[in-house]
Amino acid sequence: MPLTLVLRFALLLAVLATLLFTVAGRTDLPFFWAYLGIFGGIGIVGSLVVHRRDPTLFRERMKPGPGGKDPHMRKLAALCMLACFLISGLDAGRFHWSRIIPAVQLTALILVAVALATWMWAMATNRFFSSDARIQRDRGHHVISDGPYRFVRHPGYAVAIILFLATPVALGSWWGLIPVAPLVALFLRRTSIEDCLLRAELEGYGDYAARVRYRLIPGLW
C-alpha cells in the first residue's frame, strides 16, 4: 500500500507539472519547479506518515462513508484549484499580467511549505480527517484534541486557506487569486457546517469547543 500511495501521489504531481508547464508554454520557471518540489516532497513524506498512523484514512478521504453533509465540496474545490493553476500558468508563463517581485514569491512559497506541512500534521493527528462532513460512527469517531487541534478546532481548514491563497502568488500570479476567492468561501462554509454538526452529534465536542474557543483563527473566529 505505501508504494501504491507514493505512485498515486507521483502521478498527481506529474499531472500538475504537465498542466502548469503546458499552459505556461515554457519550463524555465524556477518558482514553478520549487512549488512542485515542495508539494511533492512534503506531500509524499506526509502521506506516508499519515498512512502509517492509520491505513484507513485515505480510503475515507477518497470515498467517504454514509451520512455526509457536504458531499460536493471536494469537486467544487478541485475545480477552483484547476482554474487557479490555469490562470497562474497563463499569467506567469505567457502573458505576464502580474508583476510580483521574487521576495514576495519566496515568502508565499514558504507559506505554502508551512501550510502543507501543518495540513499533513493535522491529518496525521486526526484519523477522522474526512473529505466530507460526517459523524464517522463506522470508524469509532471521537473528539481529537491534541496536535494542532490544541490551538484551533479546524486547523486543517485554516492552513488549507493559507495554502490556497499563497499558491498563485508563489507561482507568480495575482490573477490566480480570483478563483481562490470562492474556494475560501467554500471552506468557511464547510467549517460552519462541520462545527455545527460536531456540536450537535459528537459526544464531548461541546466541552472541547468550550476549551478551544476558536474555529480557524485564534482570537478572531
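User: Which residues make the nonpolar surface patch of about 740 Å²?

Analyst: F95, W97, I101, V104, W174, W175 and I178 make that nonpolar patch. Patch members have over 30% relative accessible area and no salt bridge, with like charges joined within 9 Å and nonpolar side chains (Val, Leu, Ile, Met, Phe, Trp, Tyr) within 5 Å. Areas come from the Shrake-Rupley method with a 1.4 Å probe, and for residues only the protein chains shown count as cover. A salt bridge is a side-chain nitrogen of Lys or Arg within 4 Å of a carboxyl oxygen of Asp or Glu.

User: Before we go on, what kind of model is this?

Analyst: It's a predicted model, where local features need pLDDT of at least 70 and side-chain atom pairs count only at pLDDT 80 or more, while totals for chains, interfaces and linings use all residues. Residues are numbered from 1 along each chain as its sequence is written, and side-chain values use heavy atoms, with hydrogens and water left out.

User: Switching to α6. How many of its 17 residues are buried?

Analyst: 15 of the 17, so α6 is mostly covered. Helix α6 runs over residues 155-171, and at 1.5 Å a residue it should span 24 Å; its end C-alpha atoms are 24 Å apart, which agrees. The expected span is 1.5 Å times one less than the number of residues. Just after α6, G172 takes a positive phi of about 105°.

User: What about the span of α7?

Analyst: Helix α7 (residues 180-201) has 22 residues that should span 32 Å, and its end C-alpha atoms are 31 Å apart, which agrees. Its buried residues are V180, L183, V184, L186, F187, R190, T191, E194, D195, L197 and L198. They cover an arc of only 165° around the axis, which puts them on the same side of α7. That arc is taken from the directions from the helix axis to the C-beta atoms.

User: Which helices do those buried residues pack against?

Analyst: The buried residues of α7 pack against α4, α6 and α8 (205-211).

User: D195 is in that buried set. What does it contact beyond its sequence neighbours?

Analyst: Leaving aside neighbours within four places in sequence, D195 is in contact with R153, H154, Y205 and R215. Contact means heavy atoms within 4.5 Å. D195 has a relative accessible area of 0%.

User: Which residue does D195 form a salt bridge with?

Analyst: R199, with the closest N and O atoms 3.4 Å apart. D195 and R199 are 4 residues apart in helix α7, so about one helical turn separates them. R199 counts as partly exposed at 45% relative accessibility. Elsewhere, salt bridges that share partners join D70, D132, R189 and R190 into one network.

User: How many salt bridges does the structure hold?

Analyst: There are 12. One of them joins the side chains of R134 and D138 at 3.1 Å, N to O. R134 is buried at 3% relative accessibility, whereas D138 is exposed at 54%. Another pairs R26 with D28 at 2.8 Å, N to O. There, R26 is partly exposed at 26%, and D28 is exposed at 52%.

How values were computed:
Helices (H or I, at least four residues) and strands (E, at least two) are DSSP runs, numbered from the N terminus. Buried means under 20% relative accessible area, exposed over 50%, partly exposed in between (1.4 Å probe, protein chains only).
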